[in-house]
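Please look over the structure below before reading the notes. The briefing covers strand pairing, helix packing, backbone details and model confidence.

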Amino acid sequence: MKNRLRVPSTTTPWPLTTTKTPSSPTATDEGDLAVGGVRLAEIAATYGTPAYVLDEADVRARARAYRAALPEAEIAYAGKAFLCRAMIGWIQAEGLSLDVCSGGELALARHVGFPAERIVLHGNAKTPRDVQDALAYGVGRVVVDSTYEITQLAVAAHPGRPQKVLIRVTPGVDAHTHKAVATGVEDQKFGFSLATGAAADAVRQVLHWQLTERPALELAGLHCHLGSQITSVDVFAEAARRLIALMAWIRDEYGVTLPELDLGGGHAVGYREGEADFDLEQYARTIRAVITKACLQHRLPVPKLTVEPGRAIVARAGVTLYRVLTMKRIPGVRTFVAVDGGMSDNPRPALYGSAYTARLIGRACAAETEPMTVVGRHCEAGDVIARDLPLPSDLRPGDLLAVPCTGAYQHSMASTYNQVCRPPVIAVRDGVARVLIRRETLEDLQARDVSL
């Protein structure tokens, strides 16, 4: 379904307190906002709330920015941030590869015919079905994460048709991010430790299956992922140095020169004004220089670089729309604004303490602002969307709020807590709105409940 919900040509820049928003937002004379040439209030009226709005042009522009900054590298979009058939189509059209973490994500890619050779399969605990599906589709590379998985993959692979693998290395580099998303250090579930020798043991095991008469595996390269919301380029540089040193050891020990180096993703996105951004241009310059120098020192050819941005491509393309249900003023303490969504459509504030902003849309307002805390409708005290925001003092039930920078990890992590249906995803571009993922219904929820 498509709607041409156009805005006047006399629009002005989106006057938000944050600049961390889609690239195309504009404000109308009536106090509304538009994204991709579509009025947000009209989207709310047409499709209801809560609703995720996704700016297709913004997604494509950020994909192209990665291609331009790193033309020699493979850019593999991390599908865990947000994935649907249309999103896969966009990244395919922009020349990106795809990083999937489950059989479900792989099935979605296969359903739309995404090229298998451009798929990288991740996961610290792949199921037998995940492995079988990856081999059946012929995915380009599988990132192995445990010794058991190496054996599992080798036994399932077709002898003489080796599956390319990357070994996920834990390089011992602290990216100084939230402990729940720090994955480059010891004592977490991902990867093979470089410091303990586990990575070297994994290399030996993979090469055991490779250096045979009918090889089952092919060691294509090394992989690491340091975490999420990383602002420092230096930590990636240090990880690259350590992995190239391991590549040199592999060459010296086994006579095998690895052609690929995957430095993962985790590039930070600032969600509010003043929060640090990831400097893609600096990253490209630094990583290119560091890899070239390290390879020269170790007398290695420069490997093909892969990076895996997810949030950095889709986060700012998203806006979530809510309708105010009720207000609760506690004198001298706090004013609560309760909306018709919450932690079921955005669990990140509850999980990580993630901070968002919001603003009134849909009507003109000249009222003074006062601090208000936007909360959800769920039976949890931690169901908070954003704290102490400057919102208009005349805010009232029925008003619409827009929360920017919600394109990543909102829909993909959404739940049906309290049997609340998940919102739709509405794509906007050039004044046209269309449904990518429809709103979940009560009938959808009840259809899975098959027995009294």
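**Strand pairing**

Ile75 stands opposite Val307 of strand S15. Strand S7 (residues 74-78) and strand S15 (residues 304-307) run parallel and are joined by two bridges. The model is predicted: local features need pLDDT of at least 70, side-chain atom pairs count only at pLDDT 80 or more, and totals for chains, interfaces and linings use all residues. Residues are numbered from 1 along each chain as its sequence is written, and side-chain values use heavy atoms, with hydrogens and water left out.

- Strands (E, at least two residues) and helices (H or I, at least four) are DSSP runs, numbered from the N terminus.
- Two strands pair if DSSP finds at least two bridges between them.
- Strand S14 (residues 260-262) also runs parallel to S15, and three bridges join S14 to S15.
- Glu260 has Lys304 in S15 as its bridge partner.

- Two packed helices are described by the angle between their axes and the distance between the axes.
- Axes are lines fitted to C-alpha atoms, for helices over the stretch in contact, and angles run from 0 to 180 degrees between N-to-C directions.
- Helix H8 (residues 234-254) and helix H9 (residues 280-298) have axes that come within 9 Å and cross at roughly 25°.
- H8 is therefore roughly parallel to H9; angles under 35 degrees count as roughly parallel, over 145 as roughly antiparallel, 65 to 115 as roughly perpendicular and the rest as oblique.
- The crossing of H8 and H9 is right-handed, which is the term if the near helix is turned clockwise from the far one by less than a right angle, and left-handed is the term if anticlockwise.
- Residues of H8 that meet H9 include Phe236, Ile244 and Arg251, and those of H9 include Tyr283, Val290 and His298; contact means heavy atoms within 4.5 Å.
- The contact of H8 with H9 has twelve nonpolar, two polar and two charged residues.
- In these classes, Ala, Val, Leu, Ile, Met, Phe, Trp, Tyr, Cys and Pro count as nonpolar, Asp, Glu, Lys and Arg as charged, and the others, Gly among them, as polar.

- Helix H5 (residues 128-137) packs against helix H6 (residues 147-156) at an angle of about 45°, and their axes are 10 Å apart.
- H5 is therefore oblique to H6, and the crossing of H5 and H6 is right-handed.
- Pro128, Val131 and Leu135 of H5 make the contact with Gln152, Leu153 and Ala156 of H6.
- Helix H4 (residues 103-111) packs with H5 at about 25°, with their axes 9 Å apart.
- H4 is therefore roughly parallel to H5, and the crossing of H4 and H5 is left-handed.
- Gly103, Leu106, Ala109 and Arg110 of H4 meet Asp130, Asp133, Ala134, Ala136 and Tyr137 of H5.
- The contact of H4 with H5 has five nonpolar, one polar and three charged residues.

**Backbone details**

- Most residues other than glycine have a negative phi, and most peptide bonds are trans.
- Thr49 and Pro50 are joined by a cis peptide bond, with omega about -10°.
- Pro50 is in the loop between helix H1 (40-47) and strand S6 (51-55).
- Gln229, a residue other than glycine, has a positive phi near 55°.
- Gln229 lies in the loop between strand S13 (217-223) and H8.

**Model confidence**

- The protein chain has a mean pLDDT of 90, and 91% of its residues reach 70 or more; pLDDT is the predictor's confidence in each residue, from 0 to 100.
- Over residues 1-22 the pLDDT stays under 50, and the model has 82 contacts beyond four places in sequence for this stretch.
- Residues 178-185 have pLDDT below 50, with 27 contacts in the model beyond near neighbours in sequence.
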